[in-house]
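Hello,

Here is the structure I promised to pass on. Have a look at it first, and my notes follow below.

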Amino acid sequence: MDSFFSHTLAAILTIGIISFLYKDNPLYKFCESLFIGVSAGYWFVQQYYANLLPKLFDNLGITRMLGAENVPEGALQKLFLHGEWSEDLLYLIAGILGVMMLLRLVSRIGWISRWPMAFIVGSISGLYFITYFQSNAMRQMQNTILPLNSFNNLVLIVGTVTGIIYFYFSKEHKGLFGAAARVGVYFLMVTFGASFGYTVMSRMSLLIGRVDFLFGTWLGLVK
Amino acid sequence: MNPDKPKMGFFETIANIDRRVIFLFVGFAVIIPVLLSFSCREEATPIVQSIFDKIESLPEGSKVLMSFDYGPSTVPEVQPMVDAFLRHCCEKNLKIYMMALWGTGHNLISESMEDIIKEEFPHKVYGLDYVNLGFKAGQQGLINVILTDLKKMYTTDALGSEIDAVPMMVDIRNLKSFDLILSMGGGFPGIKEWVLFGGDPGNIPVAGGATAVSAPLLYPYYPRQLLGLLGGIKGAAEYESALIKGYPKFKTYSHPGIDMMGPQTVAHIVIVLFIVIGNITFFMGRKKEEEEKREGGALK
Amino acid sequence: MKTFSYSFIFYCLLGLILLATTDGLAQVESSDSLLSPLLPPSEVIAEDHPGDAGGAIIVRWKLSPDEDKGITGYEILRSASPTAEFSSVGFAATGANRYVDANTEDSLTYYYKVVAIDADRNASESEISPPVRSSPQWFNFHLLNLLIIGGLICGAVIYFIAHAKKGKKFFLRKIAGLEAVDEAIGRATEMGRPILFIPGILDMDDVQTIAGITILGRVAKTIAQYETKLNVPTSRSIVMSTAMETVKEAYISAGRADAYSDDFVHYVTDEQFGYVAAVDGIMVREKPATCFYIGAFFAESLIMAETGNSIGAIQIAGTAMPAQLPFFVAACDYTLIGEELFAASAYLSGEPKQLGSLKGQDVGKIIAMLAIVIGALLETFFAISGSSFFGSLAELVHKLFSIVAS
Amino acid sequence: MRRQIPLIITFIVGSVLIISVFIPHKPFGQLGENFSVYFDIIAVFAFILGAGNLLRVHGNRIYRKHKDWPYSVVTVAGFTVMMIAGLFKIGGSPGITGDLTEPGSMFEELYMYVFTPLMATMFALLAFFVASASHRAFRAKNKEATVLLLAAFVILLGRTPFGVKLTSWLPDPLSFLEIPNLASWIMSVPNMAGQRAIMVGIALGVIAMALRVILGVERTYLGADSE
């Protein structure tokens with residue numbers, strides 16, 4: 001594409017999105033609609049080439065059946081051509097679950113689509129159970145077990161413990177317990193304030209990048 | 001007529017200012033400095049200066065491993081750091097070994113080689129002064145392996161030459177052969193993995209640069225496990241200034257970090273001013289409506 | 001005879017050459033050891049790496065007594081037979097007395113040697129280790145602590161669920177964000193404006209999305225009782241399917257199957273910012289009275305919450321993304337922080353079984369706090385008194401919570 | 001039965017994945033990794049539902065002449081063009097193994113000049129919203145809000161040259177009060193404490209929710225609220 005044309009196109013789209021800050025307008029609506037369409041199309045294609053092809057078709061050997069010869073034989077070829085069992089054949093289960101998902105469209109047997117959902121939710125629950133437990137709970141607790149020989153360690157331990165007290169559900173936050181929970185809230189507030197203050201910084205560089213594009217790359221006004 | 005009345009009205013107007021006015025201020029705070037190429041002086045803070053001093057202290061021919069652990073989306077923030085590190089190492093005649101833990105890092109190495117080394121230091125020779133080891137999958141596992149045996153993973157360089165045919169690779173055995181590891185990126189895998197799986201077990205100094213968002217997560221490692229850290233554009237700008245201070249000739253080179261700090265600083269000041277004004281107007285307004293003060297709360 | 005003599009001469013020569021070389025080598029070695037008498041590491045033991053899927057062997061040794069005399073590290077050599085040639089498998093730093101060879105075949109027997117090396121490349125070999133084989137295990141004992149503590153917490157949760165089933169009531173503190181749900185829905189009904197529900201931008205393979213969908217189910221059940229329009233744009237297809245199913249059932253169970261429409265839930269795009277552009281558009285055009293942001297969020301959190309604020313909507317957010325919490329706290333009326341997000345659907349359900357699980361969760365908190373406080377006190381006593389009793393106790397607590405990367 | 005089978009699937013899959021962590025032996029050790037591949041594959045099939053829904057919603061708008069129907073045409077056209085450009089690799093090397101993002105191909109050009117500027121600008125809007133949110137929310141309304149405001153303010157100042165100069169006159173014994181030092185102390189001590197409390201809480205929340213799901217106590221997501 002001609003670079004002035006393509007830059008102008010990109011600049012119009014940039015201005016279109018920024019114009020939303022003033023108010024909703026036809027140019028923004030156009031950019032928004034275009035963005036939705038193009039990005040949905042983009043991910044559709046990406047899903048096909050980055051997930052379906054390598055993860056299902058290559059492993060099963062469907063890519064090869066479709067005529068790609070530089071791809072090694074998959075599980076189906078191994079089974080039917082050589083009579084060998086291959087672990088990759090298990091990907092067929094994923095394929096079947098995927099097809100079950102599509103059965104939503106057939107209202108009579110649409111309930112089958114709950115099976116892949118149950119599979120997903122069950123496995124996520126199992127997986128996250130362990131990963132969160134290890135890296136969020138155990139590791140953080142271990143890191144907090146420190147000798148109380150410095151001010152910083154004291155603050156760290158008091159902050160962590162009172163913070164946990166704030167989340168305590170089954171006891172009313174009253175009296176000493178309530179006071180501890182309030183200290184916990186202050187620690188949470190410092191945490192929120194600090195991350196907010198810190199992020200402001202990196203958000204600016206994005207805007208500078210766009211301004212630089214508009215006035216520098218497109219209009220050539222910078223240096 | 002009560003002279004205070006119109007004043008309160010004024011504060012109320014400010015307190016309920018149309019957000020578009022704020023947007024306008026932020027817009028100008030960025031556009032004007034960009035157009036005027038306004039920049040301000042940066043002083044290197046200790047966390048940045050310590051990296052500069054370390055590279056400064058390395059004797060000629062020392063080996064520096066640079067790991068490109070970022071992708072296109074963070075290029076605006078991370079590339080200035082990479083450029084500054086590369087220039088400093090080239091200037092000090094250090095041997096540069098470039099690799100990537102991120103798949104996207106591969107192209108970024110080639111681009112950095114073209115834009116900085118070949119362009120600005122044309123006398124440097126590939127294979128003698130710098131080498132591109134390319135991307136290898138394995139994340140922290142890769143670091144773990146090359147801690148003991150680098151050539152097990154890297155049998156060739158990124159251009160496909162036999163690894164022992166690259167002169168500067170001959171006396172490289174493992175990570176401990178390097179005098180410094182620099183990791184640029186800050187996501188996963190990145191600096192943290194280099195510290196935990198490379199620097200700590202191998203007792204090799206590790207430093208690097210990270211995006212502003214990920215830098216806070218790395219502070220706990222400084223200074224014991226992490227020699228120094230460039231956090232976001234500000235870190236890059238500080239390093240560029242340290243470089244210019246030490247080698248005035250770099251003043252004429254591009255310094256995107258410093259360039260971006262100008263608009264950024266102005267924008268920050270605008271935001272700080274808005275917070276201050278917001279609070280002043282709030283307190284002025286509260287005098288008037290004492291009864292409302294116990295309502296609400298940030299956590300509510 | 002001729003052949004004999006030729007081969008005889010050949011073998012003699014070969015023998016001479018070999019003799020010469022080995023002799024020479026021996027000389028080099030002995031002269032080396034004269035120059036720097038580097039003592040080898042001793043007691044090399046190799047054993048199967050415990051708690052893994054096979055394919056790894058741990059080699060341990062006693063450090064060379066010359067550890068401080070400039071040893072730069074230990075090279076680990078391996079062979080399939082004590083008499084065959086040994087080849088290098090890895091390198092361990094000075095002071096290290098173990099190495100994991102993660103590249104073994106379970107069907108083979110291996111022998112190991114450890115070589116101390118100094119800066120001048122002098123080397124000194126240990127004795128050969130006894131034979132070893134790697135094998136997979138059925139239980140990873142490194143994770144025993146995980147099993148114990150995890151078992152305790154799970155046990156508590158299950159115990160209180162069972163307890164609650166029998167009708168035991170627990171006290172539960174109020175969570176402001178959840179108290180406000182009914183009010184927020186009522187307000188939308190009064191104003192005749194829709195309710196917007198954003199279940200985060202990640203797919204169903206994130207546990208926060210699952211929490212978001214369960215809360216959507218509870219919220220939809222309340223909405224179904226009013227004549228209020230619900231709008232759920234999603235950025236993932238599976239989330240869309242699940243959300244549709246959930247909302248539909250909520251309407252059916254509220255006895256309002258007639259009021260349900262498939263248009264409530266719709267897919268927009270997988271692209272993070274494309275999705276935000278669309279949500280912002282929906283907000284300024286449909287002017288929802290109430291916005292829920294419940295699930296996993298990234299940078300888009302503030303864009304949506306600020307736009308929602310500008311149209312004057314009541315906003316209730318909930319996420320476990322620590323980096324986005326401050327933005328929701330700043331821009332929304334109510335925020336469910338981390339754990340509160342996961343507890344919310346149990347709260348909203350009001351079912352005793354679900355509420356019981358929250359009580360079980362609190363047992364986990366008590367364990368965490370006790371561990372931190374006791375561990376810290378033990379560490380402090382150890383630091384002050386130097387007593388090995390406290391030292392070993394403190395180490396025990398540390399070990400209890402340590403995760404060994406396998 | 002229709003309700004029972006999904007609950008049984010959830011129970012079996014969930015508990016097997018938890019148990020498998022403790023069993024390194026084949027085939028349990030790899031189950032977790034395999035799952036993410038399974039999920040990706042199911043997600044592709046589901047995408048057909050998503051894309052279908054998108055086309056249905058916008059198709060309906062066009063058909064019913066909804067007031068914004070021309071924009072729906074833009075969405076449908078954008079989707080179709082991008083999909084055709086990608087699936088058939090227009091302007092690039094065709095064939096099933098051809099490079100999708102080859103420079104010069106239509107897919108790549110659309111990505112570079114349409115998708116990227118839209119994405120980057122939408123992201124950049126954050127700079128404005130951060131400012132308006134700070135103006136409105138950072139007020140010392142009560143004690144909690146004051147703490148939040150102070151922490152944010154110190155961090156913000158610590159990252160500008162102005163803030164650094166503000167306190168650089170402090171004598172050495174008081175140097176810990178210099179804003180940059182104060183900022184990094186806040187980041188690494190009280191901020192860390194708060195983060196840890198949040199993280200431990202999240203872990204416990206996830207554990208309890210996962211158990212509710214696996215045991216079938218929580219079944220809203222299956223639409224099985226009514227028994």
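To begin with a term: two strands pair if DSSP finds at least two bridges between them. Helices (H or I, at least four residues) and strands (E, at least two) are DSSP runs, numbered from the N terminus.

Some housekeeping before the findings. This is a predicted model, in which local features need pLDDT of at least 70 and side-chain atom pairs count only at pLDDT 80 or more, while totals for chains, interfaces and linings use all residues. Residues are numbered from 1 along each chain as its sequence is written, chains are lettered from A and ligands numbered from 1 in the order in which they are written, and side-chain values use heavy atoms, with hydrogens and water left out.

Chain C

Chain C has 11 helices and 13 strands. Of its 406 residues, 56% are buried, where buried means under 20% relative accessible area, exposed over 50%, and partly exposed in between (1.4 Å probe, protein chains only). If we take contacts (heavy atoms within 4.5 Å) in chain C between residues at least 6 apart in sequence, 65% of them join residues at least 24 apart.

Strand β3 (residues 71–79) of chain C runs antiparallel to β4(C), and the two pair over six bridges. One spot to look at is Tyr74(C), whose bridge partner in β4(C) is Ala92(C). Strand β4 (residues 87–93) of chain C is largely enclosed by the rest of the structure, because five of its seven residues are buried.

Gly155(C) sits in helix α2 (residues 144–165) of chain C and is partly exposed, at 35% relative accessible area.

Where chain D meets its neighbours

Chain A and chain D bury about 10300 Å² between them, with 82% of it on carbon and sulfur atoms. Buried area here is the accessible area (1.4 Å probe) that two parts lose on being put together, summed over both. The contact takes 110 residues from chain A and 101 residues from chain D. The rule finds three salt bridges across this interface, a salt bridge being a side-chain nitrogen of Lys or Arg within 4 Å of a carboxyl oxygen of Asp or Glu.

The area buried between chain D and chain C is about 5400 Å², and carbon and sulfur atoms give 71% of that. In chain D, Phe22(D), Met122(D) and Arg212(D) lose the most area to chain C, together 12% of what that side buries. Here 55 residues of chain D are in contact with 76 residues of chain C. There are three salt bridges between chain D and chain C; one of them joins Glu218(D) to Arg218(C), with the closest N and O atoms 3.0 Å apart.

Individual residues and salt bridges

Thr10(D) belongs to helix α1 (residues 4–20) of chain D and counts as buried, at 0% relative accessibility. Leaving out residues up to four places away in sequence, Thr10(D) touches Ala118(A), Gly122(A), Val213(D), Ile214(D) and Tyr221(D).

The count over all chains is 33 salt bridges. In one, the side chains of Arg182(A) and Glu144(D) meet at 2.9 Å, N to O. Arg182(A) lies in helix α8 of chain A and Glu144(D) in helix α5 (residues 143–158) of chain D, so this pair joins two chains. Glu144(D) is buried, at 13%, whereas Arg182(A) is partly exposed, at 43%.

Within chain C, Arg60(C) forms a salt bridge with Glu47(C), the closest N and O atoms being 3.1 Å apart. Arg60(C) is in strand β2 (residues 57–62) and Glu47(C) in strand β1 (residues 42–48), so the pair ties together parts that are 13 residues apart in sequence. Finally, salt bridges that share partners join Arg104(A), Arg114(A), Glu245(C) and Glu249(C) into one network.

Best wishes
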